[in-house]
Amino acid sequence: MRDTFIICFRFSWYQSKFQNVFKKLFGGGHAELNFVDSDDPLEAGLEMLAQPPGKKLKSMESLSGGEKALTAISLIFAVFLTNPSPICVLDEVDAPLDDANVTRFCGLLDELTKITNTKFIIITHHALTMSRMDRLYGVTMAEQGVSQLVSVDLQRAEELVA
């Protein structure tokens, strides 16, 4: 019984963080997390409901690709605000996002980096996301069959240009 209380208490903490992050990424709206398929939180599934500004409350399946991505990112970042880790790898999470949403995503990423001291490794092809990072790593093939790792410190590059 005590485990159930602890999980429910932490769940309400995640719920609050999830709602706050969701509102930041969407510029408003409402989101909910619910246990499903069991009365026992240790056995239950997790349902995410999202209501972007100007829309009805929907389950994840009913959202667009960008809305699904932002809702999932909201949950990931809520977990990091509750229990930060030193490193987080995000692979192409910005792929379904338009430029306005990428800008909000990167802004929240900057905020999380300061609050949690987590180092985020973002794997992306989105030029806007790359422009907001401190350091870029890439692989190039100057000659056939020979790959080379390339690294650019963007803050240092800006100092050299200025």
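The following legends describe close-up views of a predicted model of the protein.

**Figure 1. Overview of the elements of the protein.** The predicted model contains five helices and seven strands. Read from the N terminus, these elements follow the order α-β-β-β-α-β-α-β-α-β-β-α. Along the principal axes, the C-alpha atoms occupy a box of roughly 60 × 35 × 35 Å. The protein has 162 residues, of which 31% count as buried. When contacts between residues at least 6 apart in sequence are considered, 51% of them join residues at least 24 apart.

**Figure 2. The open sheet formed by β1, β2 and β3.** Three strands make up this open sheet, arranged in the order β1-β2-β3 with antiparallel pairing. Strands β1 (30-36) and β3 (58-59) are the edge strands, and each of them pairs on one side only. Strand β2 (residues 45-51) runs antiparallel to β3, and two bridges join β2 to β3. Across this pairing, A50 is placed opposite K58 in β3.

**Figure 3. P53 in the loop between β2 and β3.** Residue P53 belongs to the loop that lies between β2 and β3. Which residues does P53 contact, leaving aside its neighbours within four places in sequence? P53 is in contact with F26, G27, G28 and G29. With F26, the separation along the chain is 27 residues, while the C-alpha atoms of P53 and F26 are 7.2 Å apart. The relative accessible area of P53 is 41%, and P53 is therefore partly exposed.

**Figure 4. S64 in the loop between β3 and α2.** The loop between β3 and α2 holds S64. This residue, S64, has a relative accessibility of 37% and therefore counts as partly exposed. Along the chain, S64 and K17 are 47 residues apart, and their C-alpha atoms are separated by 23 Å.

**Figure 5. The packing of helix α2 against helix α3.** Helix α2 (residues 65-82) and helix α3 (residues 99-116) have axes that come within 11 Å and cross at roughly 5 degrees. Angles under 35 degrees count as roughly parallel, and α2 and α3 are therefore roughly parallel to each other. On the α2 side, the residues that meet α3 are L70, I73, F77, F80 and L81. Their counterparts in α3 are N101, F105, L108, L109, L112, I115 and T116. Sorted by class, this contact of α2 with α3 comprises 10 nonpolar residues, two polar residues and no charged residues.

Figure 6. Strand β4 (residues 87-91) and strand β5 (residues 119-123) are paired in the parallel sense, and five bridges connect them. Within this pair, V89 stands opposite I121 in β5. The chain leads from β4 through α3 to β5, and the β-α-β crossover made in this way is right-handed. Which residues of β4 lie on its covered face, and which on its uncovered face? The covered face of β4 carries C88 and L90, whereas the uncovered face carries I87, V89 and D91. In a regular strand, side chains alternate between the two faces of the sheet.

Figure 7. Most residues other than glycine have a negative phi. E92, which is not a glycine, has a positive phi near 55 degrees. E92 is placed in the loop between β4 and α3, and its relative accessibility of 24% means that E92 counts as partly exposed. N117 likewise is not a glycine and has a positive phi, of about 60 degrees. The loop between α3 and β5 contains N117. At 61% relative accessibility, N117 counts as exposed.

**Figure 8. H126 in the loop between β5 and α4.** The loop between β5 and α4 (127-131) contains H126. Is H126 buried or exposed? Buried means under 20% relative accessible area, and H126, at 18% relative accessibility, therefore counts as buried. Leaving aside neighbours within four places in sequence, H126 contacts D94, L97, D99 and V102. D94 is 32 residues from H126 in sequence, and the distance between the two residues is 7.2 Å, C-alpha to C-alpha.

Technical notes. Residues are numbered from 1 along each chain as its sequence is written. This is a predicted model: local features need pLDDT of at least 70, side-chain atom pairs count only at pLDDT 80 or more; totals for chains, interfaces and linings use all residues. Side-chain values use heavy atoms; hydrogens and water are left out. Axes are lines fitted to C-alpha atoms, for helices over the stretch in contact, and angles run from 0 to 180 degrees between N-to-C directions. Helices (H or I, at least four residues) and strands (E, at least two) are DSSP runs, numbered from the N terminus. Angles under 35 degrees count as roughly parallel, over 145 as roughly antiparallel, 65 to 115 as roughly perpendicular and the rest as oblique. Contact means heavy atoms within 4.5 Å. Ala, Val, Leu, Ile, Met, Phe, Trp, Tyr, Cys and Pro count as nonpolar, Asp, Glu, Lys and Arg as charged, and the others, Gly among them, as polar. Two strands pair if DSSP finds at least two bridges between them. Buried means under 20% relative accessible area, exposed over 50%, partly exposed in between (1.4 Å probe, protein chains only). A crossover is right-handed if, with the strands pointing away from the viewer, the path from the first strand over the helix to the second runs clockwise.
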